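Me: I have a model open here. Can we go through the metal site and then some contacts?

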Amino acid sequence: MDSKRRQLITGISLAGAGVLLNACRPNSGPSGSATNENTKNEAPKSGEEETVEVTATEDLMREHGILRRALLVYQESAVKLRQDAASVPPDALEKVANLFRVFGEDYHEKKLEEVFIFPTVQKAPGIAASYVDVLLQQHTRGREITDYVLAITKADKLASNSVEPLAKALESFVRMYEHHAAIEDTVIFPAWKSAIGQGELDELGEKFEDIEHEQFGDDGYEMALKRMEEIENSLGMANLEMFTAPAPPK
Ligand SMILES: [Fe+2]
Ligand SMILES: [Fe+2]
C-alpha cells in the first residue's frame, strides 16, 4: 500500500480528542501535521488498532455523517422547543452550531468542496455541473442560519418570542442540508471522482489530509466525532434505539 495515501489512525492514539475546541482553532499551525505524519507511519503499539485507509470521497462522505448527526440534534431540538422550550439548553445548540461552523462550513465546505470539488465538477460533462450554483447558495444560506443560531443561543435562556423562529430556522436548515448532502453524495462526489481519475484522487486524498491537519492541528474527523458524541450524550440523544420507528398501523 502506498504509505502516502490517506489513512485514519483509530484507537487509543486519539484518546485526547476531547480537545476539539482548542484544536478547532483555525490555522493552528503545521506542528500537529508533522506529529501526526510521523505517528501514522509507525507500527501500531499495544492497545492501538490498525490504520485504515480512507479515500478522499469516503472522507467527504463520513464528514457528511458528522453533519447529519448535527442535523438530527437540530431536528429533535425543534420538536422539543415547541413542547417545552426550557428543556433545550441554549448552550447545547450553541455547541452544535459551533461544530457545524468549524467542521462543516469552514473546513468541509470552504476548504474542500468550494476549492477542489465544485470547480472540477462545474467543468465536467453531465448533470452534476448544473447543481453547483444552488449548492453554493445553500452554503451561504447555511452560514447565515448558523450566525443566527449562534447569536440567539448566547443567552442563558431563550426569549419566549425567539422560540418559534428558532425552531423554524432549525427545521429549514435540516431540510436544506439533508437534501444538499444527499445530492453531493449521489451526484457531485461520483462526478468529481470520475472527472479526476484514480491517480489524482489519491493525490488529493493526501492533500485533504494536509489541509485537515493545518486546520485542526490533529485528526479533525475524530475530534468532531468525539465532540458530537458528547453533545448527543448531554442531550439524551445518544441511544440509537430511541429513533427506531414505531410499528405501522395494522
Ligand atoms: Fe456542500
Ligand atoms: Fe458537503
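This is a predicted model: local features need pLDDT of at least 70, side-chain atom pairs count only at pLDDT 80 or more; totals for chains, interfaces and linings use all residues.

Reply: The site of the iron ion (ligand 1) is irregular, with angles of 80 to 177° among its four donor atoms. Residues are numbered from 1 along each chain, ligands from 1 and chains from A in written order, and side-chain values use heavy atoms, without hydrogens and water.

Me: Which residues are the protein donors of ligand 1?
Reply: E113 (OE), H139 (NE2), H180 (NE2) and E184 (OE), lying 2.0 to 2.2 Å from the iron ion. Donors are N, O and S atoms within 2.8 Å of the metal (3.2 Å for Na, K and Ca); water is not among the atoms, so sites may look incomplete.

Me: Which residue coordinates both iron ions?
Reply: E113 does, and the ions (ligands 1 and 2) are 3.3 Å apart.

Me: Buried or exposed, E113 and E184?
Reply: Both are buried (under 20% relative accessible area; exposed is over 50%, partly exposed in between; 1.4 Å probe, protein chains only).

Me: New topic. How many salt bridges?
Reply: The structure holds 16, counting a side-chain nitrogen of Lys or Arg within 4 Å of a carboxyl oxygen of Asp or Glu.

Me: What does E105 pair with?
Reply: R101, with the closest N and O atoms 2.6 Å apart; E105 and R101 are both buried.

Me: And why does R141 count as partly exposed?
Reply: Because its relative accessibility is 46%. R141 forms a salt bridge with E144 at 2.8 Å between the closest N and O atoms.

Terms used:
Four donors count as tetrahedral if all angles lie between 85 and 135 degrees; four count as square planar and six as octahedral if opposite donors are over 155 degrees apart and all others between 65 and 115; anything else is irregular.
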